[in-house]
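Subject: Structure for you to look at

Hello,

Here is the structure I promised. Please open it first, then read my notes below.

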Amino acid sequence: MDYEYIITSTDGRVGIVQFNRPKALNALNRGLMSELMDALDAFDADDDIGCMVITGSEKAFAAGADIKEMVNATPAAMLDNPFIDYWDRLRRIGKPVVAAVSGFALGGGCELAMACDMIIASETARFGQPEINLGIIPGAGGTQRMTLAVGKVLAMDMVLNGRFLTAEEALQHGLINRIVPTELYLEEAVKFAAEIAARAPVALRLGKEAVNAVYEMPLQAGLAHERRLFYMLFSTEDQKEGMDAFINKRQPEWKGQ
Ligand code: CAA
C-alpha cells in the first residue's frame with residue numbers, strides 16, 4: 001500500500017508504522033493520522049500480525065499536532081473535524097500497540113505515545129505537553145493520561161509550565177516501559193513487540209481490554225469485567241493448549257482460536 005505520510009513494513013508477526021514527515025518533525029496532520037489509523041486497522045485485521053509498533057525518526061517521534069493546520073481553526077470547525085477522534089480510534093485497536101519513541105514526543109505526539117499500550121524509549125526521548133506555549137491546553141488526552149501516569153504535581157508542571165521529561169524521568173515516573181540505546185531503539189522495540197506477538201492471540205486482546213478497563217470503570221465493574229473475560233478464555237483452544245503444554249513440559253503452539 002502506498003502512503004504519503006507513513007511507511008509500513010512487517011518483521012515476522014510485528015506490523016510497523018513509521019511516520020514520514022521528517023522536515024516537519026513528524027507533526028501530526030490530518031493526512032498522517034488518517035493513514036496511521038488505516039494502517040493499524042489493516043494490521044489489526046491481519047491474522048499474521050500479533051503486535052504493532054509505531055515510530056517516528058531518531059530526532060522526533062512526533063512534535064505534536066500540526067500547528068500550521070490548526071492556526072485558523074474555530075471551535076465549530078474543530079467539532080466538525082474528526083481530527084482528534086483519531087486518538088480515540090487508536091484506543092479501539094484490539095491487538096497490542098507499542099510506541100518506539102526517540103527524540104521529541106510533544107503535544108499530540110506525546111498523547112499518541114500514551115494512547116499506545118507500551119512505550120520503548122531511546123536515551124534521547126523527550127516527553128512534553130507544551131501546548132501552554134501556544135495559548136491552548138492538550139486536547140487528545142494529555143491532561144488525563146499524563147496525570148494518571150505520572151501523578152498530579154508533575155502533570156501540572158508539564159501542562160501549566162511546559163516542562164519536558166527526559167527518558168530517565170519518564171521511566172522513573174512510570175510513563176514508559178524501558179530505555180534502550182538510541183542507535184538501536186527501533187530494533188529493540190520490534191524485538192519487544194515480537195515477544196508479545198508470539199503469545200496467545202485471544203488472551204492478548206482480552207488482557208489489553210481488561211487492563212484498559214481500569215480507565216473506564218469503577219473497581220467493582222472492572223473486576224466483574226475481568227472475571228467474565230477470564231471465564232471466556234476457557235472456551236478457547238489456546239487455553240487447553242497452554243495448560244496441556246505446561247503439564248507435559250513442552251512449548252505451546254497457539255492457534256488464536
Ligand atoms: N506543527 C507544525 N510544524 C511543526 C511542528 C508542529 N507541531 N513542530 C515542528 N514543526 C516544524 C517547524 O515549523 C519547522 O518547519 P520549517 O522548517 O518549515 O520552519 C520544522 O518542523 C523544524 O522545527 P524547528 O525548526 O522548530 O526545530 P527545532 O529543533 O528548533 O525545535 C521543537 C524542535 C522544540 C520540537 C519545536 O519544533 C517545537 O517546539 N515544536 C512545536 C511543539 C508543540 O508545541 N507541540 C504541540 C502542538 S499542539 C497539539 O499537539 C495539540 C494537541 O494536544 C492535539
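This is a predicted model: local features need pLDDT of at least 70, side-chain atom pairs count only at pLDDT 80 or more; totals for chains, interfaces and linings use all residues.

How many residues surround the ligand, and which are the closest? There are 24 of them, and the closest are Ala65, Ile67, Gly108, Glu111 and Glu131.

Residues are numbered from 1 along each chain as its sequence is written, and side-chain values use heavy atoms, with hydrogens and water left out.

A backbone N or O atom of Gly108 is 2.7 Å from a ligand oxygen. The side chain of Glu131 has an N or O atom 2.8 Å from an oxygen of the ligand. At Gly139, a polar backbone atom lies 3.0 Å from a ligand oxygen. On its own, the ligand has 1,000 Å² of accessible area (Shrake-Rupley method, 1.4 Å probe). The protein covers 65% of that.

Helix H2 gives the largest share of the shell, three residues. Helices here are DSSP runs of H or I with at least four residues, numbered from the N terminus.

Next, two helices. The axes of H10 (201-212) and H11 (219-232) come within 10 Å and cross at roughly 175 degrees. Axes are lines fitted to C-alpha atoms over the stretch in contact, with angles from 0 to 180 degrees between N-to-C directions. H10 and H11 are therefore roughly antiparallel (over 145 degrees).

Best wishes

Terms used. A residue is near a molecule or strand if one of its heavy atoms lies within 4 Å of it. A polar contact is a pair of N or O atoms within 3.5 Å; within protein, one must be able to donate a hydrogen and the other to accept it, and residues adjacent in sequence count only if both atoms are side-chain atoms. Angles under 35 degrees count as roughly parallel, over 145 as roughly antiparallel, 65 to 115 as roughly perpendicular and the rest as oblique.
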